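Here are some notes for a colleague opening this structure for the first time. Please read them beside the model, which is a predicted one.

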Amino acid sequence: MDEAIRVESLTKSYRGFTAVDDISFNVNRGEIFGILGPNGAGKTTTLEILEGIQKPDSGIVDIFNLSIHKNSRQIKSRIGVQLQSSAYYEYLNLLEVLSLLASFYPSSVRSDPKLLLDKVDLVSQSTQRVNTLSGGEKQRFTIAASLINTPEIIILDEPTTGLDPRARRNIWKLIQEIHNAGITVIMTTHYMEEAEELCQRLAIMDKGKLVAVDTPAKLRGTLEYKYSVKIIVDSPLKQEQLNSLHSLDALIEMKSENTYIIKLKHDTKSLDKLLNDIVQDEISLVHLEIAPVTLEDVFLELTGNELQEN
């Protein structure tokens, strides 16, 4: 596939703190590429370098086979960047803001502000100011603004942070529509479900380092287990039941004396004997949860840390 973005050996430090630590990846034309990681992982700094806002200490960033720092003006005319809502003039309404942004670009690439507001379902709010919008409406507007120059690539920094589930899914739908129109999307997120739902490929970052890059399915496939089982009982399991657990082809983790995490390498049939033993010994099963492995399991395996989604 054709490369839209190439990042090679990128490093950026602030006063001795390394925010981005020698990372390399590429983004293919027409894909949704996600950078997944917790706050402080280096995601935003990476995007700011791609946008030409920050200069790296070392490394290469090429967009459309052009160096971002040697061809900044040419590249910026072909990409769209999601701005924070506070970046807009507070005394202008939505239509006026988009019209002003459009005036910065040649008429050949300007999108119609009214059509963009229609695309993000904000036509009825066109005479409102940005600071009067709800959180979800503000995010939809910032994405509309990133499309004003008919870009080939849009860059979105945690586009759904702070939104309720319904507003978040509305943004997901909008991003999918943008992708279906042939626009390359690079986005950051710390939401596992969002990464699974949207991204064809993912870069996982932690503490400035890139720990993995691949499709969500292939990342999940790197784990030696296939299912995660959580069992909560009303009293501790007996020794023979613990022996039964350890006889499974599984990884066992005791979260507390009443809570057990079982990571199965194969199918879930091996649980049958354990569950029968629990019932026969009159131990009450309080909670049973069986789920295929997720990106959260991958992140925990790679970094040793859980990714907090708040």
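1. Start with helix H3 (residues 94–102) and helix H5 (residues 135–146), whose axes come within 10 Å and cross at roughly 25 degrees. Angles under 35 degrees count as roughly parallel, so H3 is roughly parallel to H5. The crossing of the two helices is right-handed.

2. Which residues of H3 and H5 meet? From H3 they are Leu94, Val97, Leu98 and Leu101, and from H5 they are Phe141, Ala144 and Ala145. By class, this contact has seven nonpolar residues, no polar ones and no charged ones.

3. Phe141 deserves a separate look. Not counting residues up to four places away in sequence, Phe141 touches Leu94, Val97 and Leu98, and also Tyr88, Leu117, Leu122, Val130 and Leu133.

4. The largest nonpolar core has 47 residues. Leu98 and Phe141 are among those with the most contacts inside this core, along with Ile175, Ile178, Val185 and Met187. Helix H6 (residues 165–180) supplies the largest share of the core, six residues. Apart from this core lies another, of 26 residues, including Ala4, Ile35, Val61 and Ile153.

5. Gln176 also lies in helix H6. Is Gln176 buried or partly exposed? Its relative accessible area is 24%, and buried means under 20%, so Gln176 counts as partly exposed.

6. Leaving aside neighbours within four places in sequence, Gln176 is in contact with Ile32, Glu197 and Leu198. Gln176 and Gly34 are 142 residues apart in sequence, and their C-alpha atoms are 13 Å apart in space.

Technical notes. Residues numbered from 1 in each chain as written. Predicted model: local features only at pLDDT ≥ 70, side-chain atom pairs only at ≥ 80, totals over all residues. Heavy atoms only, no water. Axes fitted to C-alpha atoms, helices over the stretch in contact; angles between N-to-C directions. Helix = DSSP H or I, 4+ residues; strand = E, 2+ residues; numbered from the N terminus. Parallel < 35°, antiparallel > 145°, perpendicular 65-115°, else oblique. Left-handed = near helix turned anticlockwise from the far one by under 90°. Contact = heavy atoms within 4.5 Å. Nonpolar A, V, L, I, M, F, W, Y, C, P; charged D, E, K, R; others polar. Core = buried A, V, L, I, M, F, W, Y, C linked by side-chain atoms within 4.5 Å. Buried < 20%, exposed > 50% of the residue type's maximum accessible area, 1.4 Å probe, protein only.
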